[in-house]
Amino acid sequence: MFGLAILSVFVLTAINCANAAPIQPLERRIDQTISAATKPWQDACIKAGGTQDKCSGVAVPAFTSLLEAGGVCDQQNAADAMIDLAKQLGNDPEMIRLAQIFVQQPRNSPNTQQIPYCQVVPKNEELSGLFHCQFSGSDFTKFSGDQSGNVPLGLTSLTPPGSCPANPEGPVQDGVQLNTLVHDPIAE
């Protein structure tokens, strides 16, 4: 009987402690299957004569640049590497087109805040004026990080928020690959 009383006190104490603990809201992330962002480019690379190792050696770092921990300019740097390899393979136009779309793919967000824009001129002129879209589920009042890069390089504002040259109507639906929505890197 004494053991049952102690167990009851323990259970009641645990319940009271649990009830007293503040409930933390769950933070929502926005993410995507990142490898799907470079698969068409990698296929075009192999078709253009690149080896599996060489093409995946560029594609894997490229798609990892879309992770929430990626640096602000990692995606652009990856697209520059994609264009560099396209130029080595005879200036393959399909690889270049897909790299231009890739650089505009929205990036994963750890907290639904918008991802800042790279503020460095790209190495390859084929990427000039291109910047990533945001996902539609983003909080369009905030950017993650240090709050620099809240407007794409060379612009003073962006209307509508979350848009990019390939998708000027607005942001991309959460988790969707831009390369499944558009064919041209700059909408006409």
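## Salt bridges, fold and pocket of a predicted chain

E94 and R97 both sit in helix α5 (residues 93-102), three residues apart, about one turn of the helix. This is a predicted model, in which local features need pLDDT of at least 70 and side-chain atom pairs count only at pLDDT 80 or more, while totals for chains, interfaces and linings use all residues. Residues are numbered from 1 along each chain as its sequence is written, and side-chain values use heavy atoms, with hydrogens and water left out.

**Fold**

- The chain has five helices and two strands. Helices (H or I, at least four residues) and strands (E, at least two) are DSSP runs, numbered from the N terminus.
- Along the sequence, the pattern reads α-α-α-α-α-β-β.
- Among contacts (heavy atoms within 4.5 Å) between residues at least 6 apart in sequence, 75% join residues at least 24 apart.

**Burial**

- The chain has 188 residues, and 42% of them count as buried. Buried means under 20% relative accessible area, exposed over 50%, and partly exposed in between (1.4 Å probe, protein chains only).

**Salt bridges**

- The structure holds four salt bridges. Each is a side-chain nitrogen of Lys or Arg within 4 Å of a carboxyl oxygen of Asp or Glu.
- E94 and R97 form one of them, with their closest N and O atoms 2.7 Å apart. E94 is partly exposed at 34% relative accessible area, whereas R97 counts as buried at 15%.
- D84 and K123 also meet in a salt bridge, at 2.5 Å from N to O. D84 lies in helix α4 (residues 74-88) and K123 in the loop between β1 (113-114) and β2 (139-143), so the pair ties together parts that are 39 residues apart in sequence.
- D84 is partly exposed, at 22% relative accessible area. K123 is exposed, at 60%.
- E126 pairs with K87 in a salt bridge, the closest N and O atoms being 3.4 Å apart. E126 is in the loop between β1 and β2 and K87 is in helix α4, so this pair too joins parts that are 39 residues apart in sequence.
- K87 is partly exposed, with 35% relative accessibility.

**Largest pocket**

- The largest pocket holds about 250 Å³ of space. A pocket is an open set of points on a 1 Å grid over the protein atoms alone, where a 1.4 Å probe fits, with protein on both sides within 12 Å along at least five of seven lines; lining residues have an atom within 4 Å of a point.
- The largest pocket is lined by 18 residues, and Q76, C118, L130, F131 and H132 are the closest to its centre.

Technical notes: Points joined across faces, edges and corners; volume = space filled by probe spheres on them.
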